[in-house]
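Subject: Structure handover and notes

Dear colleague,

Please read the notes with the model open.

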Amino acid sequence: MVQKHAATQLHFDLRLELDGVMKSWAVPKGPSANPDVKRLAMQVEDHPISYNSFEGTIPEGEYGGGTVMLWDVGTYTPEGSPSPSDDEMTAEAGYGRGDFKVHFHGKRMTGSYVLVRTKGFGGRSSSKPSWLLIKHRDGEARSATQKDLVDEYVTSVTTGRTMDEIAEQKRR
Ligand code: MN
């Protein structure tokens, strides 16, 4: 799942369920469906699975203060898995290796992507590593002349609300 988060700096939080938690990355520019684009994805603390349904506003002054939109939801399958029963082990191995190939079955993020862990990219202050999120070339890839995902989809995937409407607590 992906949340659009208007904190101090706008970013998208990509969360993938693994080992009973949501492994989480803050992606400042959001995912790109253009295989020529590499998006910085800074790993952050694991989140509980229960956080997946959160849309609303975190009060100013609290950790992550700002408005949160549910931007995409769905499932994923790790690529290269010999069979569905091996999916969890394949995902753990890819994540552990820092070369996590994932097929997204979201409403907006679809097709094959890879998360690649980088070395020394996050700076000394960050406790978690930085990764790059890159689209693979497949039928769901977009070219530079096509509108990218974050520009096409600007409302909540579950409630259809804009960031302003979520901030104003409007219901639909
Ligand atoms: Mn966030």
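Aspartate 72 is part of strand β6, residues 66-72 (strands are DSSP runs of E with at least two residues, helices are runs of H or I with at least four, and both are numbered from the N terminus). This is a predicted model, in which local features need pLDDT of at least 70 and side-chain atom pairs count only at pLDDT 80 or more, while totals for chains, interfaces and linings use all residues. Residues are numbered from 1 along each chain as its sequence is written, and side-chain values use heavy atoms, with hydrogens and water left out.

Aspartate 72

Aspartate 72 is buried and yet has no salt bridge. Buried stands for under 20% relative accessible area, exposed for over 50%, and partly exposed for what lies in between, with a 1.4 Å probe and protein chains only. A salt bridge is a side-chain nitrogen of Lys or Arg within 4 Å of a carboxyl oxygen of Asp or Glu. The nearest side chain of opposite charge is that of arginine 108, 5.4 Å away (Lys and Arg count as positive, Asp and Glu as negative; His and the chain ends are not counted). A polar atom of the aspartate 72 side chain does lie 2.7 Å from the backbone nitrogen of methionine 109. With neighbours within four places in sequence left aside, the residues in contact with aspartate 72 are Met1, Val2, Gly106, Lys107, Arg108, Met109 and Val157 (contact means heavy atoms within 4.5 Å).

The manganese site

Which residues are the protein donors of the manganese ion? They are His5 through ND1, His11 through NE2 and Asp13 through OD, at 2.2 to 2.3 Å from the ion. Donors are N, O and S atoms within 2.8 Å of the metal (3.2 Å for Na, K and Ca), and sites may look incomplete because water is not among the atoms. Along the sequence the spacing of the donor residues is H-x5-H-x1-D. Both histidine 5 and aspartate 13 are buried.

Strand β10

β10 is mostly covered, with six of its six residues buried. Ser130, Leu132 and Ile134 point one way from the strand, while Trp131, Leu133 and Lys135 point the other way. β10 pairs in the antiparallel sense with strand β4 (residues 38-47) over five bridges, and with β9 over five bridges, also antiparallel. Two strands pair if DSSP finds at least two bridges between them.

Salt bridges

Side chains of opposite charge can pair when their charged atoms come close. The structure holds seven salt bridges, and three of them are described here.

- Aspartate 46 and lysine 23: the closest N and O atoms are 3.1 Å apart. The pair links distant parts of the chain, with aspartate 46 in strand β4 and lysine 23 in strand β3 (residues 21-27), 23 residues apart. Aspartate 46 counts as partly exposed because its relative accessibility is 31%, whereas lysine 23, at 11%, is buried.
- Glutamate 55 and arginine 161: the N to O distance is 2.7 Å. Glutamate 55 is in the loop between β4 and β5 (56-58) and arginine 161 in the loop between α2 (149-152) and α3 (163-167), 106 residues apart. Glutamate 55 has 14% relative accessibility and so counts as buried; arginine 161 is buried too, with a relative accessible area of 11%.
- Glutamate 152 and arginine 142: the N to O distance is 2.6 Å. Here helix α2 supplies glutamate 152 and the loop between β10 and α2 supplies arginine 142, 10 residues apart. Glutamate 152 is partly exposed at 35%, while arginine 142 is buried at 18%.

Two loop residues

Serine 127 sits in the loop between β9 (110-117) and β10 (130-135). With 70% relative accessibility, serine 127 counts as exposed. From serine 127 to tyrosine 153 is 26 residues in sequence and 32 Å in space, C-alpha to C-alpha.

Aspartate 19 is in the loop between β2 (10-18) and β3. Its phi is near 55°, a positive value in a residue other than glycine. Aspartate 19 has 45% relative accessibility and therefore counts as partly exposed.

Regards

Note on methods. Polar contact = N/O pair within 3.5 Å; in protein donor to acceptor, adjacent residues only side chain to side chain.
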